[in-house]
Amino acid sequence: MRSEAAPQLGGLERFASAGKGRGLRARRRFAVGELLFSCPAYAAVLTVSERGSHCDGCFARKEGLSKCGRCKQAFYCNVECQKEDWPMHKLECASMCTFGQNWHPSETVRLTARILAKQKIHPERTQSEKLLAVKEFESHLDKLDNEKRELIQNDIAALHHFYSKHLDYPDNAALVVLFAQVNCNGFTIEDEELSHLGSAIFPDVALMNHSCCPNVIVTYKGTLAEVRAVREIEPGEEIFSSYIDLLYPTEDRNDRLRDSYFFSCDCRECVTKEKDKAKLEICKLNDPPSAETVKDMIKYARNVIEEFRRAKHYKYILCLTLTPLVELLEICELSLDKMGAVFEDSNVYMLHMMYQAMGVCLYVQDWEGALCYGQKIIRPYSKHYPSYSLNVASMWLKLGRLYMALKNRTAGVKALKRAIAIMEVAHGKDHPYISEIKKELEDH
């Protein structure tokens with residue numbers, strides 16, 4: 001029975017989910033593609049690399065943005081966007097002027113600074129907290145290991161260093177809790193190709209529990225989060241989103257969940273592991289590899305993926321020079337050659353490295369190379385991911401734009417229409433991204 005005091009939002013209500021703590025459930029039926037609810041960001045920060053192409057206030061992508069007259073590093077659609085963002089931007093504006101090129105707080109530090117400012121400016125409950133308040137966020141403080149605690153202390157030091165004149169700080173213990181809450185409850189805002197745009201806090205969206213068989217998907221319209229059904233949802237059914245990339249097999253997914261969110265998933269997919277065999281497909285050879293060989297190759301694949309992530313962070317993100325990019329492509333190609341002796345191309349570890357190689361090709365404008373990788377990726381993606389996956393839509397979109405760039409309009413139109421079909425369910429038919437893609441079709 002529902003408690004009379006249970007907070008409600010439209011056809012939804014907060015409730016105590018067995019074994020999961022707080023949760024969100026439906027009070028009526030929702031059809032596929034239907035908007036369950038939307039949630040404005042409690043606080044959001046545009047990633048530094050997107051400044052100049054997106055508005056720092058509303059995250060809109062457009063040309064001719066106006067820059068902040070003081071720091072000249074923040075850009076806005078118009079005076080209204082700038083005024084609305086000023087209570088948050090002023091935290092950074094003077095510091096950016098003071099530190100110049102030495103101003104480099106992490107995105108987590110920037111977001112946390114805005115949360116502290118928001119809590120002071122607007123101590124009462126906001127429109128983003130109809131079902132769950134920021135102060136109710138889980139921190140999992142008791143589960144943090146020494147490494148995670150040290151990282152939080154580094155963030156606290158950076159917060160004091162870069163924002164010392166502009167914030168009223170709680171004590172260190174309270175800051176540890178807040179950073180732990182942000183780490184567990186923050187969201188990454190991405191564009192239609194899943195490129196990183198920024199980070200944000202959406203309290204009501206954070207109420208949803210995780211499942212590797214989600215019945216909703218979260219997309220973004222600027223700094224507004226929208227939650228839509230990707231399966232039919234019946235009254236009384238719990239609402240589940242996915243916290244992680246669902247490409248990987250059960251063991252990998254749960255490793256990620258335990259490391260980032262401190263729980264293991266018990267959804268149907270994790271219990272049955274029914275997709276794991278296809279995700280870990282082995283080459284069909286007359287003399288098949290032994291179980292030990294397969295186990296060793298999986299271990300190698302996991303290690304090389306982690307090495308690549310580190311290399312990408314230090315060389316691709318920080319340096320962005322041609323030589324490191326060539327080195328990254330070599331890592332991908334060498335690992336693909338080695339794994340290809342045991343794994344089929346549809347194996348998720350092969351797909352991971354193909355996706356990374358495609359990204360490098362796109363960055364250096366090797367359209368043919370990027371297209372070659374994308375063509376190998378798309379069919380297995382469609383098999384491994386759930387219906388209406390943003391990863392699949394993004395890949396169709398990239399393929400469509402590559403085909404168009406290479407003057408293959410027939411294939412380009414087909415791919416773009418496949419992307420639109422998924423996005424109309426995930427994003428809603430009136431989303432600006434869909435209008436932009438349809439315009440691309442008209443222009444070609």
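Colleague: Over which residues does pLDDT stay under 50?
Modeller: This is a predicted model. The mean pLDDT of the protein chain is 93, and 95% of its residues reach 70 or more. Where pLDDT is low, the coordinates should not be read in detail. One stretch stays under 50, with 13 contacts beyond four places in sequence: residues 314-320.

Colleague: How far apart are the end C-alpha atoms of residues 10-244?
Modeller: UniProt, in an unreviewed entry, lists residues 10-244 as "domain: SET". Over these residues the chain is 31% helix and 23% strand. The end C-alpha atoms are separated by 27 Å.

Colleague: In what order do the 3 strands of the open sheet lie?
Modeller: The edge strands are β5 (43-46) and β8, as each pairs on one side only. The pairing is antiparallel, and the order is β5-β9-β8.

Colleague: Which residue in β9 is the bridge partner of T188?
Modeller: β8 and β9 pair in the antiparallel sense, over 5 bridges. T188 takes part in one of the bridges to β9. Its partner there is S199.

Colleague: At what angle does helix α2 run to β5?
Modeller: Helix α2 covers residues 107-121. The helix lies across β5 and β9. Its angle to β5 is about 145 degrees.

Colleague: Is K273 buried, partly exposed or exposed?
Modeller: K273 sits in the loop between α7 (268-272) and α8 (276-279). Its phi is positive, near 55 degrees, though K273 is not a glycine. Buried needs under 20% relative accessible area and exposed needs over 50%. K273 has 46% relative accessibility, so this residue counts as partly exposed.

Technical notes: Residues numbered from 1 in each chain as written. Predicted model: local features only at pLDDT ≥ 70, side-chain atom pairs only at ≥ 80, totals over all residues. Heavy atoms only, no water. pLDDT = per-residue confidence, 0-100. Contact = heavy atoms within 4.5 Å. UniProt positions renumbered as here; feature names shortened; annotations may be inferred. Helix = DSSP H or I, 4+ residues; strand = E, 2+ residues; numbered from the N terminus. Buried < 20%, exposed > 50% of the residue type's maximum accessible area, 1.4 Å probe, protein only. Pairing = 2+ DSSP bridges. Axes fitted to C-alpha atoms, helices over the stretch in contact; angles between N-to-C directions.
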